[in-house]
Amino acid sequence: MRLPAFAVGALVLLPACQHREPPEAARARATEAFLGTQIADLQKLVSKAESGQLSSQDRIAIGLSEETAKALIGASLPPEQVIGGRIRLTFESVQPIFRGNNAALLFQATAHGVRVPSATARLELGGGLTNFRIEKGTLTSTVQLAHFKVLDTSLGEIAGDVLEGLVRDNLAALGERIPALEMPVHLEQSIAIAGLDAGVVVTKPGVLPLEMTLAEVLPVGERLWVLLEVKAGPWQKAAAAEKSP
Amino acid sequence: MRRRLFALLGLLFAAAAVFAWLRLRRPTLPPPPSTARLEELKAQRDALQARFRQAVIASGEKSLADAPRAGIMIGIPTSFTASVLEQVVTGLFGETTLTLKNLKVHKEGQVRAKMLVRKKTIGDYVLDVQIHQVQGLLRPGKPTLVFGRDTVNVTLPVHLAEGHGEATLHLEWDSKAFAANLVCGDVDITRAVTGGVVPKDYEISGSFAIANAGDAIILRPRFPDLAVRIFVDPSEQAWAVVDGVVKEQAKGCEMALNKVDLKAKLAGILGRGFNVKIPQKIFKPIRLPAGVRQSLQVHGLELALHVTPAGLVVANDRLWYGANLAVSSKTQPSGPKAPAPPVP
């Protein structure tokens, strides 16, 4: 009875008997969805700004361009990752998109079979920057992967689907291996001023404590803007003054 | 019979295949958006971004358009910079003491008095005051800050107050005439006295240059030395000691010493004051607390950041600093890179 076995196999393969959507079409669809999100988020942001609810004036503003973010994240992309013991995935490039009040990241990656290295696929993984925070004077955020697409593959439709399943199941873990984006700024927590001991004139050193908190993150106009609430003082005197030569 | 069974199985398989295809097939997607549709959405997005920018500028971010465009831009509010400067300057001066040690003032002279028909020298006096230490505290007032082009002009009122000190008063009296020697003789007295400083107001004027320190904004002080003149003010105890020195002498001697007028002499020599120079280096450069890093540690990988300053703009609302970064890593992986996709 060879027929039932053949029949079951054929049934399993049947759903794959549809062509994968061309990468251009998939990308156009994703772009449309992303632009829709940007427009909706911007409308909220504009109404917040126009109604005077967006305060920026007394806050430190830090703006990171897409290009600089690309260089930073690109230089720190993780080495080859093995997914499910079957696929080697290599991040090739990243494109940050700081527009429409969305901090998105688009990764290009290639996948190779662990046992069959000649079997390759090209993937696009999308995500964003979340959980912005200040840690020990460093402004940092987490990369979170949200979706992906197999763009083209030499594996065939069926193996492409298997690859999609593997990546989908490991998407969160994969995201965790992408380093957090550290903004290349140092935020001091105090300003220390040396004193002076010039014999006749003695000034004690002191410290001006600073308190910085994250107020707003505004990814607009190809730049990631971060606004920091900052308070200075009160002045605190320290122990000794420097001896003047 | 066998043929019928195969036909039935074939029919069942065909039905199952159709059912499976219907259930498991990828959903039929609508046609992807056209390029024109995407361009329309981008235009809508860009128009909203421009409107947002206008709203932000209208809310007070006047200098945003003038800020140096660079890979990283840092805008520090002038209100915050003023707060830092004000607190640092007043904090430093609030903890400043002026201490004069081992100062000596000296006065000597002759005292002449009418003896019968003509004036004669009745004695010589030597008055020495050794100020062991006199200390004054500076009390700053509220500084006035005026932001100019690349500078902040600072005017700081300073009040010299709360001084105190200790000194030794030494008086020698050498009677000259026979009569004076007879009624007074010589006097050699040393007494400890206390005093303070005469409160006085000063004004310190200078500026901080707003400069680009490569990776941050730095405020560099440009102040001249401040000359302060400290006037020692003898205490009530000191005047009482002087009175006592005179009164404890014999009557004739008291009259002679009254001629010396010790109080006036003392006030005269102390009234000239003592110069103190407050050096300009009392002001220190102030590094504003947000700057560009020179390196980053990411997952154990050290990234070197080569910072190229792109400009510094001092506006009414913000100090803008821009820098471009080149990133390099010692262990950067090599290999072909995928072409970047078009950006939505």
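Me: Which residue in β3(A) stands opposite Gln81(A)?

Reply: In this predicted model, strand β2 (residues 81-83) of chain A and strand β3 (residues 87-99) of chain A pair in the antiparallel sense over three bridges. These two strands form a hairpin with three residues between them, and Gly84(A) in the turn has a positive phi of about 60°. Across this pairing, the residue of β3(A) that stands opposite Gln81(A) is Leu89(A).

Me: How many bridges pair β3(A) with strand β4 (residues 102-113) of chain A?

Reply: β3(A) and β4(A) form a hairpin with two residues between them, and in its turn Gly100(A) has a positive phi of about 60°. Within the pairing, Ser93(A) stands opposite Gln108(A) in β4(A). The two strands run in the antiparallel sense, and the number of bridges over which they pair is twelve.

Me: What is the bridge partner of Leu106(A) in β5(A)?

Reply: β4(A) pairs in the antiparallel sense with strand β5 (residues 120-135) of chain A, over nine bridges. In β5(A), the bridge partner of Leu106(A) is Gly126(A).

Me: Which are the edge strands of the open sheet that seven strands form?

Reply: The order of the sheet is β2(A)-β3(A)-β4(A)-β5(A)-β6(A)-β7(A)-β13(B), with antiparallel pairing. The step into chain B is made where three bridges join strand β7 (residues 181-187) of chain A to strand β13 (residues 290-292) of chain B, and there Val185(A) stands opposite Val292(B). Each edge strand pairs on one side only, and the two are β2 of chain A and β13 of chain B.

Me: Which helix of chain A gives the most to the side of chain A that touches chain B?

Reply: The contact takes 80 residues from chain A and 80 residues from chain B. By class, the side of chain A that touches chain B has 44 nonpolar, 21 polar and 15 charged residues. The element that gives the most to this side, with 17 residues, is helix α2 (residues 23-50) of chain A.

Definitions and conventions
Residues numbered from 1 in each chain as written. Chains lettered and ligands numbered in written order. Predicted model: local features only at pLDDT ≥ 70, side-chain atom pairs only at ≥ 80, totals over all residues. Contact = placed C-beta atoms within 7 Å. Helix = DSSP H or I, 4+ residues; strand = E, 2+ residues; numbered from the N terminus. Nonpolar A, V, L, I, M, F, W, Y, C, P; charged D, E, K, R; others polar. Pairing = 2+ DSSP bridges.
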